[in-house]
Amino acid sequence: MASAAPATNTGESYGTPGYRAYVLGSLTLIYTLNFVDRILISVVGRPIIEEFNLSNFQFGILTGIGFVLFYTSLGIPIARLSERVSRVRIIGVCVILWSIATILCGFAVGFVTLLLARLAVGVGEAGCTPPANSLISDYFTAATRPMALGIYAMGVMLGGVLAQLGGGAILNLFTWREAFIYIGAPGVLIGIILLMTVKEPPRGYSDPPQTKPAEKATLREAMGQVSRSKTFWYIALGMSLATFGGYGLTSFKSLYIQYTFGLTPGDAAIQYMAPISLSGAIGAPLAGYLIQRFSPRFNLAAVWVPAVGFLLSAPLLALGFLAESLPVMFAAFLLAGVFQYFYIGASYSVVQTVVDQRTRATAIAILLFIINLIGYGGGPPILGALADSISVMRLEALGLGSELTAACSPNDANLSAALQANCLDAKAYGIRWACVVGSAVFLLAGLIYFWASRYYMAEKKL
């Protein structure tokens, strides 16, 4: 790996435009893989649920806290490490680790072994976002950083697209086990290439020259900076709600389409979930463009743009789950996807402007710890438990509470055709109304972002 130049605080972007584009593209690709491996289980969820006889709550554990437990707990230690050692090496090694763990998911023999493999995926993926955000901040100036972070944030949605297309295609040809194996394997090679080709820039290189170089901050100092920022805590609360709703809906949206409209898992992934995920990939860089475009006229654009996105996405998401036809559902979800992800790159940018360059990676790690533990860890299992409860109420209302449970399978050969149909109806009904509740949290998130704007300018450091 080539060594970085010693100069710091130049106020200029690091490297040539072409090389910066390569680095940003590489980090975005890795972030994309991060989400492919993370979301793939939702794509292949139905065959896993039926093979292992899982409830929605158990599936929510696999997609939520089962992944987040180590992902969250290791985020801050890895971020602290990235303040002191090569961020490129941390990212490269972690990509290789989580890719191997994804492959191991394909060899699971039940709920427990699959849960253990998902925990291992979380261990590796903990080393991606904090050091990557810190790297981007040193490669790009403050003026161009929102756009760069918006492009990087595309990895969330692009990962969803590739997971749907790749997982769906493999499901149509093979099984869910091959999906994990074939999709996890390329990450090992990509991690090695990153280690060999990406330079570690000087810390603070792209900050203005007048920015005072500082010694490494202790964890207490980093926590102190974060704890004093009202902007940080309101953004963290808003992101937690958005993550709660976002990951909860992502875990069950494909199942809802399959149960309600009779599609196979592969067809639901390729024909509907992939385009829906792609719409989100448009939203993240669009938000970065809007912020960069309007910030000279509106100082609070970095906070207002995601706030408006939340308020627009909530009713569209609810409409999608309440729609009685595939075209209406599809159109609502497509449009909602554009607005729903306005917040990702923008929020990272806001947080990094209310702390100094010594503690950016740590601040992002603290942010991720909060939003992932509350949102990602809690969203899927809580919505899953709510869906199970609503399904049970539906079955009891039909007088079938003693014959069917929330974990029933519509393909169970031991059930009569009528019971199979009722099982399918109850599952679809439960997921529909649980997801309508999940959609509503985006309204609250939008209001919280508007409240955060009251403090942003006073706390902004760059």
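Predicted model: local features only at pLDDT ≥ 70, side-chain atom pairs only at ≥ 80, totals over all residues.
A charge sits over a ring if NZ of Lys or CZ of Arg is within 6 Å of the ring centre and within 35 degrees of the ring normal. With that rule in hand, I looked up two cases. The charged end of Arg38 lies over the ring of Phe35, 4.1 Å from its centre.

Residues are numbered from 1 along each chain as its sequence is written, and side-chain values use heavy atoms, with hydrogens and water left out.

Next, ring pairs (rings of Phe, Tyr and Trp, the last by its six-membered ring, with centres within 6.5 Å; planes under 30 degrees apart are stacked, over 60 edge-to-face, the rest tilted). I got 24 aromatic pairs. Tyr19 and Tyr22 make a tilted one, because their planes are at 35°, with centres 6.1 Å apart. Both sit in helix H1, 3 residues apart, about one turn. Helices here are DSSP runs of H or I, at least four residues, numbered from the N terminus.

I then checked burial (buried is under 20% relative accessible area, exposed over 50%, partly exposed in between, with a 1.4 Å probe and protein chains only). Tyr19 is buried at 19%, while Tyr22 is partly exposed at 34%.

Last, Arg20: helix H1, residues 17-43, holds it, and Arg20 is buried at 15%.

Key:
Helix = DSSP H or I, 4+ residues; strand = E, 2+ residues; numbered from the N terminus.
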